[in-house]
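Dear colleague,

I am passing on the structure below, and after it I set out what was found. Please read the notes with the model open beside you.

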Amino acid sequence: MATIAAPARRNLYTAGKLPVWVLPVVLATALVLTGLLFAALGAFGIGRTVVIGAIVFTIAMVLISGAVEGARKAKDRLATILVTSAFCLALLPLVSVVFETLSKGLPRFDIEFFTYSMRSIVGAGGGAVHAITGTLWTTGIATVISVPIGIMAAIYLVEYGRGRLARAITFFVDVMTGIPSIVAGLFAYALFVIFFGPGTKTAIAGAVALSVLMIPIVVRSAEEMLRLVANELREAAYALGVPKWRTVVKVVLPTSVGGLITGVMLAVARVIGETAPLLVAAGFTQSLNSNPVNGPMMTLPVFVFRSYADQGQDAQAYLDRAWTGALTLILIVMVLNLTARLIASRFAPKGR
């Protein structure tokens with residue numbers, strides 16, 4: 001009897017498997033039937049057809065799977081469809097933004113846009129070289145300020161911090177994470193007004209505002225990466241007589257360098273598109289300014305904002321420049337992320 005029961009049990013879990021082609025056929029059928037139904041009712045629309053078709057497809061697949069494969073496999077297919085639908089729904093805004101930016105930003109994506117500023121330009125023409133330069137200056141200075149402070153604060157919290165001081169730092173980091181960006185800009189502007197007088201707007205002030213927003217992100221991401229380093233590595237170094245600071249420098253940091261770089265790039269991507277603090281602290285100008293400590297400096301987010309908000313007689317020319325500026329900003333973030341991945345893969349410890 002045991003020899004008969006075992007094959008029967010195996011057939012229970014393996015028999016009745018749906019072919020691979022069933023899923024796309026049911027999906028296409030559900031979408032087509034839903035579209036035809038809405039067309040017959042005179043209310044056809046791509047959005048409602050996709051939504052209602054997806055619901056019909058889900059119900060049909062669960063019923064078919066339950067009849068052929070059993071209740072257990074039907075529940076698994078339902079969960080798979082729901083998770084996949086959630087992924088597609090989350091991906092839809094990103095695809096929409098990229099498509100819209102590409103379609104409207106490519107017409108002005110030319111040599112002139114990257115070699116000319118907006119000085120003495122009225123209407124069509126001009127470029128954003130002054131804004132690109134300002135973005136690189138402010139973001140670079142903010143990164144130089146924020147990364148050492150953030151990583152050292154994370155090292156203190158993970159390796160040394162105990163008691164009230166560590167709890168206070170953690171509390172203030174949490175508070176700074178949710179601070180509005182305009183508050184950071186006002187803080188930087190007020191700070192520089194105290195030392196350099198009213199009306200002071202420079203790239204350094206904008207970088208300080210961005211660093212206020214970057215530091216808590218760097219601290220939080222670096223703290224999580226440092227905590228992921230196995231304690232066995234630290235204990236092995238201590239057993240060999242290596243002092244704590246050298247263990248941190250030679251063992252902990254190299255092990256987590258990939259995650260640290262990723263966290264820094266996430267912080268840079270978070271602040272590179274900020275408009276309000278730069279508008280308040282760094283100001284704006286139509287000319288190229290390569291001196292971060294003297295005079296206002298245009299940045300790409302502010303350039304996009306002003307191109308949209310202050311449209312002249314040729315409104316389409318201003319909109320084209322705004323879309324191309326947004327596309328350039330996206331490309332800069334993409335290049336920074338690719339560079340960070342290359343650096344992380346180059347310096348991360350290699351396993352066998």
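Which residues does UniProt list for "domain: ABC transmembrane type-1"? The unreviewed entry gives residues 132–340, in the numbering used here, with feature names shortened and annotations that may be inferred rather than shown by experiment. The end C-alpha atoms of that span lie 20 Å apart, and the span is 78% helix and 0% strand (helices are DSSP runs of H or I of at least four residues, strands runs of E of at least two, numbered from the N terminus).

This is a predicted model, in which local features need pLDDT of at least 70 and side-chain atom pairs count only at pLDDT 80 or more, while totals for chains, interfaces and linings use all residues. Residues are numbered from 1 along each chain as its sequence is written, and side-chain values use heavy atoms, with hydrogens and water left out.

The structure holds five aromatic pairs (rings of Phe, Tyr and Trp, the last by its six-membered ring, with centres within 6.5 Å; planes under 30 degrees apart are stacked, over 60 edge-to-face, the rest tilted). One of them joins Phe-109 and Phe-114 edge-to-face, at 5.0 Å centre to centre and 80 degrees between the planes. Another edge-to-face pair, Phe-113 with Phe-303, has 6.2 Å centre to centre and 70 degrees between the planes; this pair links distant parts of the chain, helix α5 (residues 111–115) and helix α14 (residues 300–309), 190 residues apart. Phe-109, Phe-113, Phe-114 and Phe-303 form one aromatic cluster.
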